[in-house]
Structure formats: structure tokens, C-alpha cells
Amino acid sequence: VCLVLGCMIYPDGWDSDEVRRMCGEQTDKYSLGACSVRWAYILAIMGILDALILSFLAFVLGNRQDGLMTEELLAESKG
């Protein structure tokens with residue numbers, strides 16, 4: 001959750017005086033002007049997507065395994 005908030009709030013500071021001095025006057029919130037976003041910010045966003053996909057996959061596979069275990073327990077109790 002904190003990584004998502006950080007990635008959403010980070011571009012909000014692009015309109016500061018220091019960034020405008022380095023990247024040009026056309027820099028504004030969520031617009032970098034002459035500068036570009038490098039690999040660290042992109043990797044952070046990919047990490048967020050990876051965490052969402054893996055948590056969904058774990059939930060789906062956990063529900064499937066739960067269903068398989070009940071069938072095995074029912075077969076053992078009958079036998």
C-alpha cells in the first residue's frame with residue numbers, strides 16, 4: 001500500500017523550483033518536460049503489478065487446494 005501511495009505522490013513534486021531549473025519551465029505536476037523517468041520508478045510500478053498478480057494467484061490456488069483437501073478428507077473418513 002505504501003509503495004502504491006509513494007508512486008502516486010512522487011510525481012506531485014515535479015513542479016518544484018529545483019526540478020524546473022533542471023528540466024525546463026514546461027515542467028509541471030505529473031509532466032517532466034525535458035527530463036525523463038528512469039528505471040527505478042518504472043521498476044517500482046512493475047513491483048506493484050507483480051505483487052497484485054502474485055497475490056491474486058495465491059488466492060486462486062489456495063482456494064483450489066482447499067477444495068482438494070476436503071475431498072481427500074471425505075475419502076479417508078469413509079474408508
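This section describes the fold, the aromatic cluster, the salt bridges and the surface of a predicted model.

The protein chain has three helices and zero strands. From the N terminus on, its elements run α-α-α. Helix α1 spans residues 2-9. Helix α2 covers 17-23, and helix α3 covers 39-78. The chain holds 79 residues, of which 13% are buried. Its accessible surface comes to about 6600 Å². Carbon and sulfur atoms account for 65% of that area. Among contacts with a separation of 6 or more, 26% join residues 24 or more positions apart.

Aromatic pairing was examined next. A pair of aromatic rings is described by the distance of the centres and the angle of the planes. A search of the whole structure returns two aromatic pairs. In one of them, the ring centres of Y10 and W14 lie 5.8 Å apart. The planes of Y10 and W14 meet at 85 degrees, so this pair is edge-to-face; the cut-off for that class is over 60 degrees. Y10 also pairs with Y41. Here the centre-to-centre distance is 5.3 Å and the angle between the planes is 40 degrees, which makes the pair tilted. Y10 sits in the loop between α1 and α2, whereas Y41 belongs to helix α3. The pair therefore ties together parts that are 31 residues apart in sequence. Y10, W14 and Y41 form one aromatic cluster.

Y10 has a relative accessibility of 48% and counts as partly exposed. Y41 is buried, with a relative accessible area of 19%; this value is under the 20% limit for buried residues. W14 is buried too, at 11% relative accessibility.

W14 is placed in the loop between α1 and α2. Leaving out residues up to four places away in sequence, W14 touches V19, T27, D28, Y30, S31, L32 and V37. The C-alpha atoms of W14 and G33 are separated by 9.5 Å. These two residues are 19 residues apart along the chain.

T27, one of the residues touched by W14, is found in the loop between α2 and α3. T27 has a relative accessible area of 1% and is therefore buried. Its contacts beyond four places in sequence are W14, V19, R20, L32 and G33.

Charged pairs were considered in turn. Side chains of opposite charge can pair when their charged atoms come close. Two salt bridges are found in a search of the whole structure. The side chains of D12 and K29 meet in a salt bridge, with an N to O distance of 3.5 Å. This pair links distant parts of the chain. D12 lies in the loop between α1 and α2, and K29 in the loop between α2 and α3. The two residues are 17 residues apart. D12 is partly exposed, with a relative accessible area of 31%. K29 is partly exposed as well, at 43%.

R20 and D28 also meet through their side chains in a salt bridge. The N to O distance for R20 and D28 is 3.9 Å, which is within the 4 Å limit. R20 counts as partly exposed at 26% relative accessibility. D28 counts as partly exposed at 39%.

V1 is placed in the segment before α1. V1 is exposed, with a relative accessible area of 82%; the limit for exposed residues is over 50%.

Definitions and conventions
Residues numbered from 1 in each chain as written. Predicted model: local features only at pLDDT ≥ 70, side-chain atom pairs only at ≥ 80, totals over all residues. Heavy atoms only, no water. Helix = DSSP H or I, 4+ residues; strand = E, 2+ residues; numbered from the N terminus. Buried < 20%, exposed > 50% of the residue type's maximum accessible area, 1.4 Å probe, protein only. Contact = heavy atoms within 4.5 Å. Areas by Shrake-Rupley, 256 points an atom, 1.4 Å probe, with all protein chains shown as cover. Phe/Tyr/Trp six-rings, centres within 6.5 Å; stacked < 30°, edge-to-face > 60°.
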